Amino acid sequence: MIASVAINEHIFNLLIKKGLDHFSVTDLRDELMNENQDLGDGSEARKFVYRQLLRLVEKGYLEKTSRTSGKMAYRKTELFFKTTFKPRLSRKKISKASREELSSENAFSAILKSELARYEAELSITLREMDKYQSLMSSYPEQAEFISKFFVDARERAKDLQGDIEAVNNLVMHYPGVSSC
């Protein structure tokens, strides 16, 4: 079973909720701009869409194809359909929601503890993923070069998560007037 993968909420809405498939960068940009007037000009929206698509191609969720017009298009892969996606809120929305909740000291502490639990769960999944990649590299040494790319990505995610856990845990442990987990 593949863990739930967080993708940008705008891209989630277009690819999952609307079910778009076999589209160009321009097609996705136009759809995005129709739904979200606050994204700025078309050039910035196109760059945003391209970065998101590039990330999904690198992860194997989308593949590049060409249309009969010769224009580059993107299509969902088998891995895409086997994966469960969830929307990741933009930093602006998270910070705005967090500021509203910070009116209470206990709410801040609860947010920190919730984040800590989420990071710990993600780290656990990532460490298990790394173990599986190592096992596969041992079982299939001829595929080790291919598998190692995924292992390195997982190791980087694990390092980032460990840093997040350390930072949030320090805040939880030293927050005035509130006992730690």
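**Entry 1**

I am working on a predicted model, in which local features need pLDDT of at least 70 and side-chain atom pairs count only at pLDDT 80 or more, while totals for chains, interfaces and linings use all residues. I also noted that residues are numbered from 1 along each chain as its sequence is written, and that side-chain values use heavy atoms, with hydrogens and water left out.

Which side chain meets Arg118 in a salt bridge? I found Glu122, at 3.1 Å from N to O, a salt bridge being a side-chain nitrogen of Lys or Arg within 4 Å of a carboxyl oxygen of Asp or Glu. Both residues lie in helix α6 (residues 105–139), four residues apart, which is about one turn of the helix. Glu122 is partly exposed too, with a relative accessible area of 29%.

**Entry 2: Other salt bridges**

I noted that the count comes to eight salt bridges by this rule. One of them joins the side chains of Glu31 and Lys18, at 2.8 Å from N to O. Glu31 lies in helix α2 and Lys18 in the loop between α1 and α2, so this pair ties together parts that are 13 residues apart in sequence. Glu31 is partly exposed at 25% relative accessible area, and Lys18 is partly exposed at 44%.

I then looked at Arg29, which forms a salt bridge with Asp30, their closest N and O atoms being 2.8 Å apart. Is Arg29 buried or exposed? I found Arg29 to be buried, with a relative accessible area of 18%, whereas Asp30 is partly exposed at 34%.

**Entry 3: The chain as a whole**

I wrote down that the protein chain has seven helices and four strands, which are DSSP runs numbered from the N terminus (helices H or I, at least four residues; strands E, at least two). From the N terminus on, the elements run β-α-α-α-β-β-α-β-α-α-α. Of the 181 residues of the chain, 28% count as buried.

**Entry 4: Aromatic rings**

I took the pairing rule to be that rings of Phe, Tyr and Trp (its six-membered ring) pair if their centres lie within 6.5 Å, with planes under 30 degrees apart counted as stacked, over 60 as edge-to-face and the rest as tilted. By this rule the count comes to six aromatic pairs. Phe146 and Phe150 form a pair that is edge-to-face, at 5.3 Å centre to centre and with 70° between the planes. Both lie in helix α7 (residues 144–174), four residues apart, about one turn of the helix. Phe146 is partly exposed at 46% relative accessibility, and Phe150 is partly exposed with a relative accessible area of 29%. I also found that Tyr61, Phe80, Phe81 and Phe85 form one aromatic cluster.

**Entry 5: A loop residue**

Where does His22 lie? I placed His22 in the loop between α1 (9–17) and α2 (25–35). Although His22 is not a glycine, it has a positive phi of about 55°. His22 is partly exposed, with a relative accessible area of 33%.

How values were computed: Buried means under 20% relative accessible area, exposed over 50%, partly exposed in between (1.4 Å probe, protein chains only).
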